[in-house]
Amino acid sequence: MSRKVVEVAGKRLSLSNLEKDLYPSYGFTKAHVLEYYSRIAEFIMPHLKDRALTLKRYPDGVEKEFFFEKRCPSHHPAWVKTAEVRRDEGEQMTVCLANDPETLLWVANLASLELHVPLARTSSPETPDAMVFDLDPGEKANILDCARVALILRELLSRLHLSSYPKTSGQKGLHVFVPLNCQEATFEDTKKFSKAVAVIMQKNYPDLVTAKMAKELRTEKVFINWSQNDASKTMICVYSLRAREKPFVSFPLEWRQLEQLAGQGDPERLQVIYSEAVSRAEKMGDLFREVLLKKQKLPHL
Amino acid sequence: MWSGTISFSLVAIPVQLVKAVKPGRISFRTLHSKDYSPLARRMFCPKQEKIVPPDEIVRGYEIGPDRYIPITDEELESVSPERSRTIEIVEFIDMKEVDPIYYDHPYYLVPLKGGEKAYRLLAEVLRRTNRAGLARFVLAEREYLVAVKSTEGALTLITLHYSEEVLTADGIAPKEGKVAAKEIKRMEKSIKSMMAGFDPGKYADERREKVMNLLKHKMKEQALVEAPAVEEEEGEGPPDLVAALEKIMHDVKKSR
């Protein structure tokens with residue numbers, strides 16, 4: 001087993017199994033994963049900050065078993081920041097906060113390819129910083145159908161004076177984020193609101209949209225998953241890798257890109273692979289910056 | 001997790017404490033058989049026949065039937081020991097004298113930066129002498145008696161039970177009857193024929209393996225169930241919100 005001890009910002013980090021191929025059909029090793037996260041660090045860090053991190057670990061690569069880790073592993077280095085959160089059952093749980101690049105690399109070294117975070121920070125667990133529409137295509141639908149739904153959603157939201165920001169899920173779908181950042185609306189509010197929107201969308205575009213979870217009901221449709229607006233749910237963090245055959249990234253898009261591509265035939269064109277993610281982020285900056293900054297209120301209708 | 005220093009006389013070794021065992025128990029969620037919704041535990045008051053919210057729950061020490069001494073978190077905290085930053089070794093004992101009945105929970109001590117050399121030295125000397133350092137140490141609001149010993153070049157820390165927690169063996173061993181020398185010889189012989197080195201790798205939790213295989217098999221067969229999404233309320237949402245959205249939706253459709 002290869003081990004390499006590096007020092008980042010004065011903190012010692014022991015990296016292991018660097019040559020292990022975590023995406024065997026593509027050829028992408030632990031070393032590549034670490035390099036990706038260190039290059040994307042400046043963009044992803046603000047989106048991870050102060051949020052209870054859920055690790056999704058693939059110790060033997062994307063083709064083998066994975067496991068979720070919500071609790072911060074007990075063997076974590078002393079410098080990893082943690083927070084205590086309360087779970088549904090009232091039980092306390094210690095979670096990791098990826099508040100510095102060292103922690104990000106430590107987490108990546110655990111083969112946690114995917115980084116999942118809740119919509120609220122640990123200091124204000126009841127009030128989400130954003131409302132989300134998780135657009136999940138059925139088996140016979142694809143990301144271009146999601147793009148169509150996203151564009152309708154955007155128009156609907158903008159007439160409610162709400163700006164929204166899309167990103168790829170890195171899998172098959174799209175996520176539309178509506179920044180709030182006012183510490184005002186609760187998960188109950190965002191869930192109620194997003195559900196009403198999903199139901200209206202389903203009613204008006206019945207061939208394209210469903211607001212129901214059941215898989216058999218939605219093979220050709222896009223499921224608007226409003227139930228992600230919940231304190232106990234997490235979303236894949238923007239700029240996180242996904243565990244698929246290829247190292248695709250959950251990457252922010254411009255509405256313009258969706259408009260251009262929504263009509264065309266190749267769903268793969270919307271996917272962003274790790275190398276493109278780094279070069280696009282370096283060129284365009286963080287397209288998801290406003291999701292953390294923009295203050296918006298849900299209209300009291 | 002705890003980090004601090006092990007110390008005695010002039011030695012101070014910075015270390016971090018990590019768990020040395022991971023219980024292999026497979027845990028299951030409890031689900032409602034009707035729709036596979038995960039179930040939650042609630043505190044129930046049998047007298048009022050209702051669920052008690054967390055802010056109405058207090059602790060009581062039971063002193064007799066229906067008689068309690070209520071105690072608050074603050075009161076308990078006021079008698080909790082201060083978190084310690086050091087594991088101060090007060091004596092070095094022979095580990096053979098400690099009956100395993102006293103062993104509570106094992107941890108590894110991981111050397112922190114600058115402590116590696118002293119760590120190696122202590123581990124080596126403890127190994128050669130088969131001694132363990134005895135210390136008192138506060139972990140998670142409780143003070144423990146601990147033994148620091150050497151295991152395969154690493155330092156391990158074992159929390160020990162206090163003597164008052166260990167139940168005596170008095171009255172367990174039968175007093176009556178003599179054992180014949182011939183019988184002792186015979187049993188010694190049969191034990192000798194079964195002697196072996198301790199190789200824990202030879203044994204595995206077979207039930208755990210079987211359960212895991214069963215689960216893997218069921219996973220392949222797609223014998224999975226999905227809990228329904230939590231629906232707070234039936235219907236579309238607050239009527240005024242729905243009406244406003246309907247109107248906007250109408251405009252959106254017209255403009256597209």
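Modeller: A:V132 has A:F177 in β10(A) as its bridge partner, in what is a predicted model. This pair belongs to the contact between strand β8 (residues 130-137) and strand β10 (residues 174-179) of chain A, which run antiparallel and are joined by six bridges. The two strands are part of an open sheet of five strands in chain A, ordered β9-β10-β8-β12-β11. Pairing within this sheet is mixed. At its edges are β9 (165-168) and β11 (209-210) of chain A, each of which pairs on one side only. Helix α4 (residues 187-204) of chain A packs on the sheet and touches β8, β11 and β12 (222-225) of chain A. The direction of α4(A) makes about 35° with that of β8(A). As background, side chains in a regular strand alternate between the two faces of the sheet.

Five of the six residues of β3(A) are buried, so the strand is mostly covered, buried here meaning 20 or more other C-beta atoms within 10 Å of a residue's own. One residue pair may be named for each. A:T54 stands opposite A:H116 in β7(A), A:L55 stands opposite A:E69 in β4(A), and A:A52 has A:L97 in β6(A) as its bridge partner.

Two packed helices are described by the angle between their axes and the distance between the axes. For helix α1 (residues 30-48) and helix α2 (residues 101-109) of chain A, the axes come within 10 Å and cross at roughly 145°. The crossing of α1(A) with α2(A) is right-handed. From α1(A), the contact draws on A:V33, A:L34, A:Y37, A:S38, A:A41 and A:M45; from α2(A), on A:P101, A:L104, A:L105, A:A108 and A:N109. Nine of the residues in this contact are nonpolar and two are polar, with no charged residue present.

Chain B, finally, has five helices and 11 strands. Of its 256 residues, 12% count as buried.

Note on methods. Residues are numbered from 1 along each chain as its sequence is written. Chains are lettered from A and ligands numbered from 1 in the order in which they are written. This is a predicted model: local features need pLDDT of at least 70, side-chain atom pairs count only at pLDDT 80 or more; totals for chains, interfaces and linings use all residues. Helices (H or I, at least four residues) and strands (E, at least two) are DSSP runs, numbered from the N terminus. Two strands pair if DSSP finds at least two bridges between them. Axes are lines fitted to C-alpha atoms, for helices over the stretch in contact, and angles run from 0 to 180 degrees between N-to-C directions. A crossing is left-handed if the near helix is turned anticlockwise from the far one by less than a right angle, and right-handed if clockwise. Two residues are in contact if their C-beta atoms, placed from the backbone, lie within 7 Å. Ala, Val, Leu, Ile, Met, Phe, Trp, Tyr, Cys and Pro count as nonpolar, Asp, Glu, Lys and Arg as charged, and the others, Gly among them, as polar.
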